[in-house]
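Please examine the structure displayed below.

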Amino acid sequence: MKRKTIVIAVATSLAAGLLSGCGAENNSGSAKSGQTGDAAKPVELTWGIHFQAPAVVPDTQVQKWLEQKFNVRIKPIKVTDASIASGEVPDLFILGDPANVSAYQAQGVLMSIDRNMLKEKMPEYYKDVEKSSELFQTVTFGDKLWAVPMFIDLKPYDFNMLWRKDWLDKLGIAKIPETLDEFEQAAYAIAKKDPDGNGKNDTYGLTGTATSTWGSGFYSIFGAYGVQPTMWQLKDGQVVNGSVRPETKDALAKLRQWYADGVIDPEFITDTQDSYRKKLYNGRIGVIEEQIGRGALEDGATIVGMKAINPNAKLAMGKNPKGPGGDGSWDWGIKSNFVVLGNKVKDNPEKLNKIFEILRAESSDEETINITSLGVKGTQWDFADSGATSGATKFLPGFEKQEQRDAIGARLFSLGNITTRNYRDKYSNPKLNEAVRAYTSAPRWTDALLFAALPSDGKYKKDLTALMQKYFAQIISGEIPLSDFDKFVTEWKAKGGDEQTKEANEMYQKQFKK
């Protein structure tokens, strides 16, 4: 009974703090409708909570804070294909990919957006996103804009190599591998020379992720040959798909050799990022493809995860290996997510104005951004360095886990990378930024169309990706001969690849050629 009383007291205190805006700063001076419209009837909004959140948490403190600040009444809903199909279209929600925007636009559930209105209503953010104006082309269909694009400059989720440095040391490999030949030598040594010292032949150099919905796995190895399967790449003025380029066959030959020699974990076909991290922690493999943000700094999630399971192990990040086609890995480019509006909003000017008032605040008003994404300073979060007023942030005890922050509404109503560069500059981690600049292969390695949806994607894309994954897994594992790559290319083209390639080149010429 005593514990319940404490929880209620904390919750009450937090709600009061949020409603008064305590602990948060406001330097941008955006409009506050709660101050001017207290007597007005609140505008009712249906709000699609952040798509990465597993479920709606009703009546959170953040929701109540937004309602008071902007004089609105919010109905939060979880957006799914089924909910959209049933007619439950939010007034405001986020989509993660141009293909999602394209699909919903085709269903007639979205409102088109005038760029002039965007410039007028969100001047601070528009000034920044306009510097990457090609992003507008990714969600322009029928010469109309259907979403507010978000952008990202420095990407902590770019892949690089994370090595068991203590194993390399034991094997006499003093230098973190930089070339494909050095990578190969280290991977073979890890697989063959018992780096864990247990006298058993139970270690592998690496594994892959052939289960991804968008790629092939082994991104850095394909990158060493100058290709990325499924990605549209510019070659001699033409847009071609990385799945069927001749260099891809060369990369498959190398991976096939490694598999036959026992260097690649035979479970690579079913491995995921989560499973290969566990294999790294538990001493089964010696190197993984890892996000810079998780592996470059001592407080990175994978570094912390290793320490929890194997505190004596040492990890070190290295660059993607350089091979005959260069070096690099999968890269999402400047693209982030997209804000879209439900089609009924266009018939309600009051609601439309209110939404853009909120969008402006979520992009440029420090107080609003912090409350919706972090919570209250001093309660849920603080700056990482004691006494700092800018730089990296940290979540405080009781709010380190995402579900704890979801419970108060932080993230549910955040719009993520719609923030201005001024805000990002103030709240970014300088050490992480330095690591990203040191290791990233961007902007060389991204899609020539910025992952824009092709007209025939719904008809072909999923099946072509699955076809690629099946053939590549069978070729690498030796189930079928390497020569069957040519059979794959023929099948890929016949099953929609040729049509997609034609569309990709037409789109590039019309929308992305500089």
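The points that follow move from the overall fold to selected elements and residues.

The model is predicted. The protein contains 22 helices and 14 strands. With a radius of gyration of 25 Å, close to the 24 Å that the globule rule gives for 514 residues, the protein is as compact as a globular protein of that length.

**Overall dimensions and packing**

- The C-alpha trace of the protein spans about 75 × 55 × 40 Å along its principal axes.
- Of the 514 residues, 53% count as buried.
- Among contacts with a separation of 6 or more, 74% join residues 24 or more positions apart.

**Strand β12 and its partners**

- Strand β12 covers residues 335-341, and because seven of its seven residues are buried, the strand is largely enclosed by the rest of the structure.
- Strand β3 (residues 92-95) pairs with β12 in the antiparallel sense over four bridges; within this pairing, Leu92 stands opposite Leu341.
- Strand β6 (residues 148-151) also pairs with β12 in the antiparallel sense, over three bridges; here Lys335 of β12 is the bridge partner of Phe151.

- Helix α21 comprises 21 residues, 457-477, which at 1.5 Å a residue should span 30 Å; the end C-alpha atoms are 29 Å apart, which agrees.
- The buried residues of α21 include Tyr460, Leu464, Leu467, Met468, Tyr471, Phe472, Ile475 and Ile476.
- Asp457, Thr465, Gln469 and Ala473 are also among the buried residues of this helix.
- The buried residues of α21 pack against α11, α12 (246-260) and α22 (484-512).
- Gly478 follows α21 and has a positive phi, near 85°.

**Residues other than glycine with positive phi**

- Most residues other than glycine have a negative phi.
- Thr230, which is not a glycine, has a positive phi near 80°.
- Thr230 lies in the loop between α11 (219-224) and β8 (232-235). Its relative accessibility is 16%, so Thr230 counts as buried, the cut-off being under 20%.
- Asp236 likewise is not a glycine and has a positive phi, of about 55°.
- Asp236 is placed in the loop between β8 and β9 (238-241). At 74% relative accessibility, Asp236 counts as exposed, for which the cut-off is over 50%.

Definitions and conventions: Residues are numbered from 1 along each chain as its sequence is written. This is a predicted model: local features need pLDDT of at least 70, side-chain atom pairs count only at pLDDT 80 or more; totals for chains, interfaces and linings use all residues. Side-chain values use heavy atoms; hydrogens and water are left out. Buried means under 20% relative accessible area, exposed over 50%, partly exposed in between (1.4 Å probe, protein chains only). Helices (H or I, at least four residues) and strands (E, at least two) are DSSP runs, numbered from the N terminus. Two strands pair if DSSP finds at least two bridges between them. The expected span of a helix is 1.5 Å times one less than its number of residues. Contact means heavy atoms within 4.5 Å. The radius of gyration is taken over C-alpha atoms; the globule rule is 2.2 Å times the number of residues to the power 0.38.
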